[in-house]
Amino acid sequence: MVGAGVLSLPFAMSELGWGPGVAVLVVSWIVTLYTLWQMVEMHEMVPGKRFDRYHELGQHAFGDKLGLWIVVPQQLVVEVGVDIVYMVTGGKSLKKFHELVCPGCTPIRQTYFIIIFGSSHLVLSQLPNFNSISGVSLAAAVMSLSYSTIAWGASADRGKQADVEYGYRASSTAGTVFNFLSALGNVAFAYAGHNVVLEIQATMPSTPEKPSKKPMWKGVIVAYVVVALCYFPVALVGYWAFGNGVKDNILITLDKPRWLIAMANMFVVVHVIGSYQIYAMPVFDMMETVLVKKLHFPPGLTLRLIARTVYVAFTMFIAITFPFFGGLLGFFGGFAFAPTTYFLPCTFWLAIYKPRRFSFSWIANWVITKHNLPTSSLLRVIS
């Protein structure tokens, strides 16, 4: 749950301001916890059947064809978008690490660091499934907690800068509005984890006596406590210390103590290596299913080697072409993360469970969904 998007939260605060920024962080934490609970509950809503993929839930809610068209494009944009952002993040963090440990060395272009980072995934992408990357995922989780703590701890140690300013970054109304919307996308990116929750829950054993939703929900609660302990200090302390001078990655803003910030950037690299694979695995599954069932490619090592290598090379190429961490977060966060994290789970809930009109569940899901134009049009279909 704690992704590299946490590093952009101080920057998002600088575009939102103190009041709206705190409100958006708190409301997003509550709403995404609620929608994640819905996803966990809906995983086994049909006795004897498990919805192991996001699109399977969409097909159950809206039919085989419409469900696919609603869910799969958005989910693919999310998963591919995360991997592109993590390519940029890994490259930037490697570059920062190099600059900190060797300040007198000849500067190396960020492109080369992205290539170095991407090369590791040419190997890791050949791991067959979620269970096989559990060790990588565990290391990523430990790293995310570590660099988040370092980010707000080092910011607190630096203290409030002498020339800090807390006003809006843009000088024009149009620029302020644009930055505000971009910041909402950054926050949506940071809270996104719903796109692979069904795939993760599918790896858990489940029986009628001990359904998987019970241990899964316990895991979600622990995850969201950790999210709160990471996100709020990083966002608030980072913005308090640097104000509008903060960069789109708080660890790029920090440079002292040199050894600690270098270590934090290397933690980021380890984390996004694992997170890249978490989001890439469902894409690999989709690609290989289409190649085998639709295009009749023979399954096996050769198919996996070629398909996954092409995917890694594609995300690496886009990351090299558009190496803008903050801009990519805002774009993907607003374009696809918000629907799949905030709105689609509520739409599924209304379509499947059909809560009594004007009950708390009906009102809560209706209000959340109506704030998104594509999904609000689905509400008219449900009604």
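In this predicted model, one aromatic cluster is formed by Y34, W37 and W349, and the structure as a whole holds nine aromatic pairs. Because W37 belongs to helix α2 while W349 belongs to helix α13 (residues 325-352), the pair ties together parts that lie 312 residues apart in sequence. As for solvent accessibility, W37 has a relative accessibility of 26% and therefore counts as partly exposed, whereas W349, with a relative accessible area of 9%, is buried.

A further aromatic pair is made by F284 and Y311, whose ring centres are 5.5 Å apart and whose planes meet at 85 degrees, so that the pair is edge-to-face. This pair, too, links distant parts of the chain, since F284 is found in helix α11 (residues 258-293) and Y311 in helix α12 (residues 301-321), 27 residues apart. F284 counts as buried because its relative accessibility is 0%, and Y311, at 5% relative accessibility, likewise counts as buried.

Helix α12 also contains I306, which at 52% relative accessibility counts as exposed, the cut-off for that class being over 50%. The C-alpha atom of I306 is separated by 9.9 Å from that of Q126, although these two residues are 180 residues apart along the chain.

The remaining topic is the packing of helix α2 against helix α1. Two packed helices are described by the angle between their axes together with the distance between those axes. Helix α1 (residues 9-16) and helix α2 (residues 18-42) pack at an angle of about 130 degrees, and their axes are 7 Å apart. The crossing in which α1 passes α2 is right-handed. On the side of α1 the contact is made by L9, M13 and L16, and on the side of α2 by W18, P20, G21, V22, V24 and L25. Sorted by class, the contact of α1 with α2 comprises eight nonpolar residues and one polar residue, with no charged residues.

Technical notes:
Residues are numbered from 1 along each chain as its sequence is written. This is a predicted model: local features need pLDDT of at least 70, side-chain atom pairs count only at pLDDT 80 or more; totals for chains, interfaces and linings use all residues. Side-chain values use heavy atoms; hydrogens and water are left out. Axes are lines fitted to C-alpha atoms, for helices over the stretch in contact, and angles run from 0 to 180 degrees between N-to-C directions. Helices (H or I, at least four residues) and strands (E, at least two) are DSSP runs, numbered from the N terminus. A crossing is left-handed if the near helix is turned anticlockwise from the far one by less than a right angle, and right-handed if clockwise. Contact means heavy atoms within 4.5 Å. Ala, Val, Leu, Ile, Met, Phe, Trp, Tyr, Cys and Pro count as nonpolar, Asp, Glu, Lys and Arg as charged, and the others, Gly among them, as polar. Rings of Phe, Tyr and Trp (its six-membered ring) pair if their centres lie within 6.5 Å; planes under 30 degrees apart count as stacked, over 60 as edge-to-face and the rest as tilted. Buried means under 20% relative accessible area, exposed over 50%, partly exposed in between (1.4 Å probe, protein chains only).
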